[in-house]
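Hi there,

Here is the structure I promised to pass on. Have a look at it, and then read my notes below.

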Amino acid sequence: MIDRTWLYRGVLAGVLSAVAGLCLAANVDVPALPASSAQAPESSPAKPFAPPAESSMPMDGFGKSVKLGEQIFTHTQTFAGKYVGNTLNCASCHLDAGRKADSSPLWGAYPLYPAYRSKNGHVNSFAERLQGCFMYSMNGKAPPLGDPVLVALESYAYWLAKGAPIGEKLPGQGYPKLPAPAQKADYARGGAIYAQHCALCHGADGQGQSSGGQAVFPPLWGAHSFNWGAGMGDIQNAAGFIKANMPLGLAGTLTDQQAWDVATFMDSHERPQDPRFVGSVEATRAKFHDSAYSMYGQTVNGQVLGASGSR
Ligand code: HEC
Ligand code: HEC
C-alpha cells in the first residue's frame, strides 16, 4: 500500500513554496497583523496539553487497538471503508492525527464525554459522538456500538488523553470561537480570498487534488465532501477551524474577517444532502438549520442550497 504521508509530503513541499511566494506577493494589500495574533489564536493563551509521544504507544493487546484507531483516524477509507462515503479522513479536520491544539484534538474531546448535545437532544457517550462523525463529516454510516472501529477510535482517544483531567475543557480543545466579524461576512470577498489563499491546494472548483487515487488535498464542497449535517457546514465552526489551521503551513495569517468571509464562501456551495432530510429543504432548514451560521436552504447565485444535494 502506498503511504499517503509520503505522497502528501512530496506534493505539499512544492505547493508550500508556491504558497509562500503568493503570500509574499500578496502582503502589500493585506493589513499587517499584530505579532501575537499571528503566532497563536487569542482563544488559547495557555500552554496546550501534551499527549503521549507516538513512541510510547503500548505494544500489548490494548496497544493494537490504539494503533488501529490511529490508522482509522488518518486513513479512514482504507481502515473503515464500509462506514465512509467520501474521500476525507478524520485527520483532514483534526490535524496531526488528532493531536493539534485548536484543531479539535482527541485529547481535548475524550475527557468531555458523556455530554448533553443539543444536536440530538440527549446525553451522548463518546462512542455515540464518534458515530455522528461518520454520518455527517464522513457522509457515511454510523458503525454499530461495540463495532471494532468505534472501540479502536475510542482506545486511541483515551490513550491520547492520558493524564488529562476528566470533565475539564482544556486550552486548545475544540476549534477557536472567533468574535463576530466587524463587517458582515461576505461571499464575494470570501471568493477572492479563496482564489488567493486556498485554490492552489483545494482547487479553483473546491474539489481538492488526488494522487494515485488518494486525496492529497481534500475537497471542500461537492459530492465527495462532508454533508449538510456536518459541523464544518456551520460557518462559525469553519471560520474558527480556518483561522487556526489554514492555509496549511501558514495558519494564523488570515485576519478574523478573512476567515469569516472565506468560511462563508466555502459553506455557500452545494454538498451531499443532510441525512436527517425530512422531505423538503424548507422543513429541513426549519428543523435543523435555523441558524444564521447555516446556508442550507438559502439562495446563492440563483440556486437553493440543499435542493440538489445528492442523497
Ligand atoms: C469535515 C471535517 C471533519 C471531519 C472529516 C471529521 N470531523 Fe470531527 N469534528 C468536526 C467539527 C467541525 C467538529 C465540531 C462540531 C461541533 O461542535 O458541532 C468535530 C467534532 C468532533 C469530536 C468532538 C470534539 C469535542 O471536543 O467535543 C470528535 C470526537 C470528532 N469530531 C471525531 C472525529 C472522527 C473520529 C472523525 C472521523 C471518523 C471525524 N471527527 C471527522 C469536523 C470534522
Ligand atoms: C498548502 C496547501 C493548502 C492550502 C493553501 C490550504 N489548505 Fe486547507 N487543507 C490542506 C490539507 C492537506 C488538508 C487536510 C489536512 C491533513 O490531511 O493533514 C486541508 C484541510 C482543510 C479543510 C478540512 C477538510 C475538508 O475537506 O473540509 C478545510 C475546511 C480547509 N482545508 C479549508 C481551507 C481554506 C479555506 C483555505 C484557504 C484559506 C485552505 N484550506 C488552504 C491543504 C491546504
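**Around the two ligands**

In this predicted model, ligand 2 is surrounded by 29 residues, and Cys198, Cys201, Pro218, Met246 and Pro247 are the closest. Four helices each supply at least two residues of that shell: H1 (4-26), H10 (199-202), H11 (235-245) and H12 (256-266). By residue type, the shell around ligand 2 has 24 nonpolar and five polar residues, with no charged ones. Domain 1 (5-29 + 177-288) and domain 2 (54-160) both give residues to this shell, so ligand 2 lies between them.

Ligand 1 has 24 residues around it, the closest being Cys90, Cys93, Ala109, Ser137 and Gly231. Helix H6 (106-109) and helix H7 (126-135) are the elements that give two or more residues to its shell, and H7 gives the most, with four. Here the residues divide into 13 nonpolar, ten polar and one charged. Domain 1 and domain 2 each provide at least three residues of the shell around ligand 1.

**A helix pair to look at**

On the H9 side, the contact involves Tyr187, Arg189, Gly190, Gly191, Ile193 and Tyr194, which meet Gln258, Asp261, Val262, Thr264 and Phe265 in H12. The residues of this contact divide into five nonpolar, four polar and two charged.

How values were computed
Residues are numbered from 1 along each chain as its sequence is written. Chains are lettered from A and ligands numbered from 1 in the order in which they are written. This is a predicted model: local features need pLDDT of at least 70, side-chain atom pairs count only at pLDDT 80 or more; totals for chains, interfaces and linings use all residues. A residue is near a molecule or strand if its C-beta atom, placed from the backbone, lies within 6 Å of it. Ala, Val, Leu, Ile, Met, Phe, Trp, Tyr, Cys and Pro count as nonpolar, Asp, Glu, Lys and Arg as charged, and the others, Gly among them, as polar. Domain bounds come from an automatic or database domain assignment. Two residues are in contact if their C-beta atoms, placed from the backbone, lie within 7 Å.
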